[in-house]
Amino acid sequence: MDLSRAPNERKLYLCKWYFKAGFALLPFLWSINTIWFFNEAFRKPAYDEQKEIKKYVIFSLVGSLVWMVAIVAWVVTFQLKRTEWGEFADNISFIIPLGQA
């Protein structure tokens with residue numbers, strides 16, 4: 001998508017839409033929102049909608065980082081405790097590894 005062709009109102013609408021859609025357990029949209037609108041929020045000359053776009057970009061970045069930390073913490077915890085959790089870990093596993101390391 002070429003944001004340079006879109007009017008400023010449309011940019012704000014898209015930025016806001018991606019931010020709200022991220023709450024539907026789609027944190028990847030927050031990452032996309034941050035990447036796509038970073039230049040609009042911080043590097044372009046000032047315009048009326050820029051302040052609100054900047055707010056959504058910052059919130060999207062924070063949301064992405066929180067999700068990333070949570071996912072990494074869960075993966076590390078699960079990998080370290082899988083054998084200790086026994087049947088519960090097997091029940092929540094998609095692929096059940098055989099044995100233990």
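How many aromatic pairs does the count come to? I get 12 aromatic pairs. I keep in mind that this is a predicted model.

I then placed the two residues. Phe-19 belongs to helix α1, and Phe-59 to helix α3, residues 50–85. The pair therefore ties together parts that are 40 residues apart in sequence.

Next I looked up α1 against α2. Helix α1 spans residues 8–21 and helix α2 residues 27–42. Their axes come within 8 Å and cross at roughly 155°. The crossing of α1 past α2 is left-handed.

Which residues of α1 meet α2? I list Lys-11, Leu-14, Cys-15, Tyr-18, Phe-19 and Ala-21. On the α2 side I find Leu-29, Trp-30, Ile-32, Asn-33, Trp-36, Phe-37 and Glu-40. By class, this contact has 10 nonpolar residues, 1 polar and 2 charged.

Last, I checked the record. The unreviewed UniProt entry annotates residues 21–38 and 58–78 as "transmembrane region". In the model, residues 21–38 are 72% helix and 0% strand, with end C-alpha atoms 18 Å apart. Residues 58–78 are 100% helix and 0% strand, and their end C-alpha atoms lie 30 Å apart.

Terms used. Residues numbered from 1 in each chain as written. Predicted model: local features only at pLDDT ≥ 70, side-chain atom pairs only at ≥ 80, totals over all residues. Heavy atoms only, no water. UniProt positions renumbered as here; feature names shortened; annotations may be inferred. Helix = DSSP H or I, 4+ residues; strand = E, 2+ residues; numbered from the N terminus. Axes fitted to C-alpha atoms, helices over the stretch in contact; angles between N-to-C directions. Left-handed = near helix turned anticlockwise from the far one by under 90°. Contact = heavy atoms within 4.5 Å. Nonpolar A, V, L, I, M, F, W, Y, C, P; charged D, E, K, R; others polar. Phe/Tyr/Trp six-rings, centres within 6.5 Å; stacked < 30°, edge-to-face > 60°.
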